Amino acid sequence: ASRMVTAAHGRPCLEMGARRTHEGAAVAAARAAVVAGFSGTSDLEAARTHGIRPIGTAAHSFTLLHDDEDQAFDAQIAALGPGTTLLVDTYNVEKGVEKAVAAARRAGGELGAGRLDSGDLVAQAFTVRKQLNDLGATATKITVTSDLDEYAIAALGAAPVDSYGVGTKLVTGSGHPTAELVYKLVAR
């Protein structure tokens, strides 16, 4: 966690590893991450137990559970407000960004952040920043995730990224093998 915070050069690191470890270990990992300099956790039990700032976004499965991206974004914004972080890369990043900004505006606000979770994160961050600026969403932030470690965070240093969501590589330990699985919901 300390190496990740150092690699981030002042940009917030957010702990998102609870799904990759035992629930007790997840709470301990969240606490350790915050001690090392992380800004918050997606683990609500860790937030409650240790007074850590809760943070979060939605999974691809949340988007896929809805009939389309618009419905998913509207549902998340209805629950959490337009300042939430919407996952914009489930289908098509460019269209996802457009829909996310529009959904926040329909709710009367500005989108808090768009999250990128796959592909060439450096290139996408530059493209999305330009697109957000062109849409007038200049205050909307960009959060990146996707099996980040300190090396991936350092590689993103020149990209217009506002925060890093770190999970697997944080809670499982550096260099240990993990089940790097991706699944998509195919029925509901």
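The following legends describe close-up views of a predicted model.

Residues are numbered from 1 along each chain as its sequence is written, and side-chain values use heavy atoms, with hydrogens and water left out. Because the model is predicted, local features need pLDDT of at least 70 and side-chain atom pairs count only at pLDDT 80 or more, whereas totals for chains, interfaces and linings use all residues.

View 1. Six strands, in the order β2-β1-β6-β5-β4-β3, form an open sheet with parallel pairing. Strands β2 (40–41) and β3 stand at the edges with a single partner strand each, so one side of each has no neighbour in the sheet. Strands (E, at least two residues) and helices (H or I, at least four) are DSSP runs numbered from the N terminus, and two strands pair if DSSP finds at least two bridges between them. Strand β1 (residues 13–15) is joined in the parallel sense to strand β6 (residues 163–166) over 3 bridges. The bridge partner of E15 in β6 is V166.

View 2. Buried means under 20% relative accessible area, exposed over 50%, and partly exposed in between, for a 1.4 Å probe and protein chains only. In a regular strand the side chains alternate between the two faces of the sheet. Strand β3 (residues 85–87) runs parallel to β4, and 3 bridges join the two; L87 has R115 of β4 as its bridge partner. Strand β5 (residues 141–144) pairs with β4 in the parallel sense over 4 bridges, and G114 stands opposite I142 in β5.

**View 3. Two crossovers that share β4.** A right-handed β-α-β unit is made by β3, helix α6 (residues 93–106) and β4. Another right-handed β-α-β unit consists of β4, helix α7 (residues 121–134) and β5. A crossover is right-handed if, with the strands pointing away from the viewer, the path from the first strand over the helix to the second runs clockwise.

**View 4. The largest cavity.** The whole structure holds 1 cavity of 30 Å³ or more, and the largest cavity contains about 30 Å³ of space. On a 1 Å grid over the protein atoms alone, a cavity is a set of points where a 1.4 Å probe fits but cannot get out, a pocket is an open set with protein on both sides within 12 Å along at least five of seven lines, and lining residues have an atom within 4 Å of a point. Grid points are joined across faces, edges and corners, and a volume is the space filled by probe spheres set on the points. V88, V97, A100, L111, G114, V128, L132 and K141 line the largest cavity, with α6 and α7 each supplying at least two of the lining residues.

**View 5. The second largest pocket.** The volume of the second largest pocket is about 430 Å³. Of its 20 lining residues, L14, R53, I55, G56 and T85 are the closest to the centre. Helix α5 (69–80) and strand β5 each contribute at least two residues to this lining.

**View 6. The surroundings of H50.** H50 is located in helix α3 (residues 44–50) and counts as partly exposed because its relative accessibility is 36%. Leaving aside residues up to four places away in sequence, H50 touches V27 and R31, where contact means heavy atoms within 4.5 Å.
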